[in-house]
Amino acid sequence: ASDVYKRQKMLLTYDITSPIFIAHSLPQEIKSALVHSVFADATSEEIHEMQDLISVYCKHDGNIEQTAAELHVHRNTLLYRINKIKSTTGFNLKSPQDLFVLYLAVLVSRH
């Protein structure tokens with residue numbers, strides 16, 4: 001089995017494995033379903049605020065201080081908003097799996 005794996009192994013470059021590429025590759029129906037399922041219980045204003053926070057949080061690799069600074073909010077305000085995302089969407093930014101879903105939802109809704 002390991003010989004089969006070695007023969008099928010291929011090098012994947014970042015550009016085809018990046019979240020942006022994945023977001024662009026999804027069919028429109030999947031994109032719409034993803035955005036709706038993640039942000040269904042939020043107002044448009046809340047969605048915009050959550051999307052900004054998620055984008056900046058990912059940009060800074062989850063660094064709370066850098067994210068708060070870029071968003072011009074106090075660290076405690078940021079932590080409150082992160083908890084609000086969890087209570088509104090059911091997804092936890094501290095979970096890599098949940099963060100990927102949130103980030104992907106942001107990417108497909110903005111591109």
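Mentor: A crossing of two helices is called left-handed if the near helix is turned anticlockwise from the far one by less than a right angle, and right-handed if clockwise. The model to which we apply this is predicted.

Trainee: Does α4 pass α8 in a left-handed or a right-handed crossing?

Mentor: The contact involves Lys31, Leu34, Val35, Val38 and Phe39 of α4. On α8, the residues in contact include Val101, Leu102, Ala105 and Val106. By the definition above, the crossing of α4 past α8 is left-handed.

Trainee: Which element gives the most residues to the largest nonpolar core?

Mentor: This core has 25 residues, among which Ile54 and Leu93 touch the most other members. Two or more residues come from each of α4, α5, α6, α7 and α8. The element giving the most, with seven residues, is α8.

Trainee: Which residues does Ile54 touch, leaving aside those up to four places away in sequence?

Mentor: Ile54 is one of the buried residues of α5, as are Met50 and Tyr57. What covers the buried residues of this helix includes α4, α6, α7 and α8. With sequence neighbours up to four places away not counted, Ile54 touches Phe39, Ile85, Leu93, Leu102, Tyr103 and Val106.

Trainee: Which residue just after α5 takes a positive phi?

Mentor: α5 has 16 residues and reaches 22 Å between its first and last C-alpha, close to the 22 Å expected. Just after this helix, a positive phi of about 50 degrees is taken by Asp61.

Note on methods: Residues are numbered from 1 along each chain as its sequence is written. This is a predicted model: local features need pLDDT of at least 70, side-chain atom pairs count only at pLDDT 80 or more; totals for chains, interfaces and linings use all residues. Side-chain values use heavy atoms; hydrogens and water are left out. A nonpolar core is a set of buried Ala, Val, Leu, Ile, Met, Phe, Trp, Tyr and Cys residues joined through side-chain atoms within 4.5 Å. Buried means under 20% relative accessible area, exposed over 50%, partly exposed in between (1.4 Å probe, protein chains only). Helices (H or I, at least four residues) and strands (E, at least two) are DSSP runs, numbered from the N terminus. Contact means heavy atoms within 4.5 Å. The expected span of a helix is 1.5 Å times one less than its number of residues.
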